[in-house]
Number of protein chains: 4
Amino acid sequence: MIRVSIAGGTGYTAGELLRILLRHPQVEIESVISSTSVGMPVAETHRDLLGETGLLFSETFDRPDVIFLCLGHGRSRAFLQEKPLPEGCKIIDLGNDFRNDPHFDGKAFCFGLCELNREKIRKADYVANPGCFATSIMLALLPLAADDLLKEEIHVHAITGSTGAGKKPGETTHFSYRDNNISVYKPFTHQHLEEIGHTLRAAGSNHLPQINFVPMRGDFTRGIFASVYTKWLGSISEKEMAERYKEYYASSPFVFVSDKSISLKEVVNSNKALLHIEFHNGYIHITSIIDNLVKGASGQAVQNMNLMFGLEESAGLKLKGSAF
Amino acid sequence: MIRVSIAGGTGYTAGELLRILLRHPQVEIESVISSTSVGMPVAETHRDLLGETGLLFSETFDRPDVIFLCLGHGRSRAFLQEKPLPEGCKIIDLGNDFRNDPHFDGKAFCFGLCELNREKIRKADYVANPGCFATSIMLALLPLAADDLLKEEIHVHAITGSTGAGKKPGETTHFSYRDNNISVYKPFTHQHLEEIGHTLRAAGSNHLPQINFVPMRGDFTRGIFASVYTKWLGSISEKEMAERYKEYYASSPFVFVSDKSISLKEVVNSNKALLHIEFHNGYIHITSIIDNLVKGASGQAVQNMNLMFGLEESAGLKLKGSAF
Amino acid sequence: MIRVSIAGGTGYTAGELLRILLRHPQVEIESVISSTSVGMPVAETHRDLLGETGLLFSETFDRPDVIFLCLGHGRSRAFLQEKPLPEGCKIIDLGNDFRNDPHFDGKAFCFGLCELNREKIRKADYVANPGCFATSIMLALLPLAADDLLKEEIHVHAITGSTGAGKKPGETTHFSYRDNNISVYKPFTHQHLEEIGHTLRAAGSNHLPQINFVPMRGDFTRGIFASVYTKWLGSISEKEMAERYKEYYASSPFVFVSDKSISLKEVVNSNKALLHIEFHNGYIHITSIIDNLVKGASGQAVQNMNLMFGLEESAGLKLKGSAF
Amino acid sequence: MIRVSIAGGTGYTAGELLRILLRHPQVEIESVISSTSVGMPVAETHRDLLGETGLLFSETFDRPDVIFLCLGHGRSRAFLQEKPLPEGCKIIDLGNDFRNDPHFDGKAFCFGLCELNREKIRKADYVANPGCFATSIMLALLPLAADDLLKEEIHVHAITGSTGAGKKPGETTHFSYRDNNISVYKPFTHQHLEEIGHTLRAAGSNHLPQINFVPMRGDFTRGIFASVYTKWLGSISEKEMAERYKEYYASSPFVFVSDKSISLKEVVNSNKALLHIEFHNGYIHITSIIDNLVKGASGQAVQNMNLMFGLEESAGLKLKGSAF
């Protein structure tokens, strides 16, 4: 059994990790760390876990084999400085601390996009889990990047559920504001553009063009729907392109190409990503959907853990979707 | 023109008052008071008012004919003590300060349920606007109370939209929590029971029985749906009872009895209340719907103002419902 | 491996069964029957199953060990008459055909409320799966019925998600109608009252009083929230009552008593039922929540299957909840 | 008083027209035509109108001054052929029959985008009301078209509420499907592209580039949020551009330019359109919001009527928004 610790245990991604790991056949949760709730039952914060765990929040870890950092963006470095990990303890960071700046204290964090870096992750001790928007957009573009076909500007609109904004309540997550509402935020400047850029380059895109990305706030809780297009200068057909995508993801247990239009709830509460491809007006148009808390965060983190510990990549992740 | 001031100008009920009063043919808004936003445009807080008003928040009033207090429950007395009103200024309090305890500084507040106290309100200078749950439940029961037919325990479940909880964000108004969720709060103990009780007694119920009231939080923004039943010991039929209700509300411009089942959105964004009556199993069952921000708060407050100033009761209140 | 057939394969409960059974370690799905979609991929109807199954809809079964009937209420008898089952094939009916009228063609259907009839179900070959509203209400009342404490009228309001109304679109499931809306239907007359009545009597209630049940349509997709109360004449305290409930459900792997207030999403996408008990005004008030498609339908059906085949009751049912 | 007839009286746009016109100070509704509901009360179909009108559906009109055609796309020509209008009766068609093909039976329909064709509409007897997506997108681009600044490809994602899909229930308007869901439809091929194209050319765009338009289905009932961008080659600043937009719309009573980011509910249930402009990455990015049933359909139709009859453009259209 892999002994797991979770730091930042009261937030949304920690809760989702708990939901997954409590059912993982090869995992034992040794500690759920929270500076604010030490001694309190984990199931009092994550209320849906009533009857599933008697764990209490603790101040620190004991001797985990791996620690998941769910601390909020920019707090992972401080945590690691304050709390030296036991020797051999692997790290999976769900924050954005090491995605673009992977070096820290002699460690090098591998970017944890399993579909691109599967083999590197198997050998890695430190993994930076990708961002949720970034995951949905990168999966839409990886096969094109791998064939170095990204030459013209890329246009992206992607709409996210409210859980992406975290647990702390605020104006734009107030139900009275958000219900039946739509808005744009950080247009053209979202911070995930950086990890998308270096990842697509690493995948094989030698002259990556500008990516125009308009993120939107949706009035739903889980999921990201990304609509991505770029001029298509190649000669293969829509159908051949779909085949190329299927081939690219053939060994990836969670990414599927749909021949029909997709809608967000086809992946909600699962670790799957679905893609759909159409050609129109000289453009290739790719729609891409994930659950931001699962494939966009905690599910992908467990997928990384599985690879890092030599388990089956999908262990504990064949989750029943909610569909509705 | 009636010169109006609104105190507590940044909250939800103040915003709704502004939406209504900016279109009221006999009203001029002289001041919108906010201690936290003095000098800021009102339309920057209430964003939907862009293009409709250039008003700025002010620190205090000038010489209003009437002031609406939208200060939050329990803060009206302190406000009135701190800011002496000009002589002759009428008061309409949307908080709960004077509903059950109407005396203050030589003033007596009239309980502003227009359908019961229409004539008293016409003569009143000080009005305590009823609570939203209370309004929907009282309207369901007034005709029975008037005929002193409330003898057996009354059972009420009522479900409210999120705007009833105010603007300040919190755990139970977080979109991630509230969306697609249902919960109960303050069962059997909600504070509106007090004003419901004294109002039904004032209406004619001499032996008002216990009222069992379970309030619920709904996953919508506007409206209250109340389901009310009590044993029916009388001899008249369901159809006769509906007629009795129609007769009772014949002179009330906003209360209607539907012969068919009702659904909440039939009144949303309007000042109307709809009632529907059925007899089953020895019970009379009444469903009652209002928009909590309009008939349950700011619309009813304007209705009171209309009466207090001798205007047509429905002036400025024939609002287009949203229906969807 | 248990060979399973599903009849009525295109509907919501069949889809949910597929989501569960495709992950069940001791089950093999041999056929998904649909008269209208023979030869079509199951994953084209249940779109979230893309990548999870290559099954096609078939016209009939082969040699299942058990068949789940998901045919719509009132259609199970006709199906069984038209399609004689192979010898030894067990039946789990998700319709309402055999809940109140258990005899058919020499077979006797056991009422499949596992928490009451666990031992009978273990020996049963034919099980009538309970209704969704009925499940939530019966679980709220079973411990009181078992102690014969139900003496005074019972008051129930319960609000259901849209999936309870099935897949066929109609006026009250149109998004434009239902979103942010609330309504009542079949007040005091809902058909589940019958199975609730005979079940509580079977559990030990010798003088079951009238149950007043107001069902409501909620603006969410999954789940039932039931609020149940009855006069409490006994001498034990609220805390002792909660303990009694915990004791009653101690051997039931999916029913839990929460010491804190509950909200619907604590059980959505899981097979759990949560209960919460408070004493007020001389009443015992019980709130009860389930996912109508899981514990209220397909999950409970699999729970029954597990018992009927001697498996662990929770096999394949430790589902990750969606929480948001 | 202008005598109005509404054809196709049971649909969503007819209902919204009724909500508006029943409050219009210079209008009298003479007939609401429905072939399927003759003799039935209008308020039984449009349930929120209970207490507001006693009108019955009729088979045909009497002697209207203007008829609004709410018949569904492609049915207006047949209606006009079957039912000859009285002499002098003006026509406002809410369908798409005459938007791109304005000639019929000796009549020429004027395209009813008031912000562009105000003066023509004042003189017109026949008006083709613009489409909802088209309205939101055209308003975002008109000032650029007028200055002939549209030179580079235009990129549009726009997300619509469910009422845009009409009253007839179907798979993608089923609440169980649509709630908390997002999907794309008709990407790059939506039929509104045609009217957008000829309108922008008419406004002054001499070399209108390709418009790439991805329409999305949102999980809300009312509103369109459009996000539009194109390469910006000019020399003026973001602030100057916003001023240019304000100037362009200075005489339009319903279009406003917001200096801050906008969210959809700022216009819901109003006839307003809000625009917001930012410059990023060499692009001009315009967000544009309307209520699809009001400014995108029935409100704009009344705005056209006001112009056609010489009334104030905003008569009857200063609607209280719902904001929440």
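**Figure 1. Chain A as a whole.** Buried residues make up 62% of the 324 residues in chain A; a residue is buried if 20 or more other C-beta atoms, placed from the backbone, lie within 10 Å of its own, exposed if 12 or fewer, and partly exposed in between. The model is predicted, so local features need pLDDT of at least 70 and side-chain atom pairs count only at pLDDT 80 or more, while totals for chains, interfaces and linings use all residues. Residues are numbered from 1 along each chain as its sequence is written, and chains are lettered from A and ligands numbered from 1 in the order in which they are written. The secondary structure of chain A comes to nine helices and 16 strands; helices (H or I, at least four residues) and strands (E, at least two) are DSSP runs, numbered from the N terminus. Along the principal axes, the C-alpha atoms of chain A fill a box of roughly 60 × 45 × 35 Å. Among contacts in chain A with a separation of 6 or more, 71% join residues 24 or more positions apart; two residues are in contact if their C-beta atoms, placed from the backbone, lie within 7 Å.

**Figure 2. A:Phe57 and its surroundings.** A:Phe57 lies in strand β3 (residues 57–58) of chain A. A:Phe57 counts as buried because it has 22 C-beta neighbours inside 10 Å. Leaving out residues up to four places away in sequence, A:Phe57 touches A:Gly9, A:Val32, A:Ile33, A:Ser34, A:Ser37, A:Val38, A:Gly39, A:Met40 and A:Val42. A:Val42 is 15 residues from A:Phe57 along the chain, and their C-alpha atoms are separated by 5.8 Å.

**Figure 3. Helix α1 of chain B.** Ten of the ten residues of helix α1 (residues 12–21) of chain B are buried, so this helix is largely enclosed by the rest of the structure. Among the buried residues of α1(B) are B:Tyr12, B:Glu16, B:Arg19 and B:Leu21. The buried residues of α1(B) pack against β1 (2–7), β2 (27–33), α2 (42–45), β4 (66–69) and α9 (294–308) of chain B.

**Figure 4. Helices α4 and α9 of chain C.** Two packed helices are described by the angle between their axes and the distance between the axes. The axes of α4 (residues 114–123) and α9 (residues 294–308) of chain C come within 8 Å and cross at roughly 35 degrees; axes are lines fitted to C-alpha atoms, for helices over the stretch in contact, and angles run from 0 to 180 degrees between N-to-C directions. From α4(C), the contact uses C:Cys114, C:Arg118, C:Ile121 and C:Arg122, and from α9(C), C:Gln300, C:Gln303, C:Asn304, C:Leu307 and C:Met308. By class, this contact has four nonpolar, three polar and two charged residues; Ala, Val, Leu, Ile, Met, Phe, Trp, Tyr, Cys and Pro count as nonpolar, Asp, Glu, Lys and Arg as charged, and the others, Gly among them, as polar.

**Figure 5. Two loop residues with positive phi.** Most residues other than glycine have a negative phi. Phi of B:Phe188 is near 70 degrees, a positive value. B:Phe188 sits in the loop between β11 and α7 (192–203) of chain B, and counts as partly exposed, with 19 C-beta neighbours inside 10 Å. Phi of D:Asp105 is also positive, near 50 degrees. The loop between β6 (103–104) and β7 (107–108) of chain D holds D:Asp105, which is exposed, with 9 other C-beta atoms within 10 Å.

**Figure 6. Where chain D meets chain A.** In this interface, 33 residues of chain D are in contact with 32 residues of chain A. On the chain D side, β10 (154–160), β11 (183–184), β12 (211–217), β13 (224–231), β15 (273–280) and β16 (283–290) each supply at least two residues. The chain D side divides into twelve nonpolar, 18 polar and three charged residues. A rotation of 180 degrees with 0.0 Å of shift along its axis superposes chain D on chain A (RMSD 0.0 Å); copies are superposed by least squares on the C-alpha atoms of residues with pLDDT of at least 70 in both. That is the relation of a two-fold axis. The copies meet through the same surface, because 97% of the interface residues of chain D are also interface residues in chain A.
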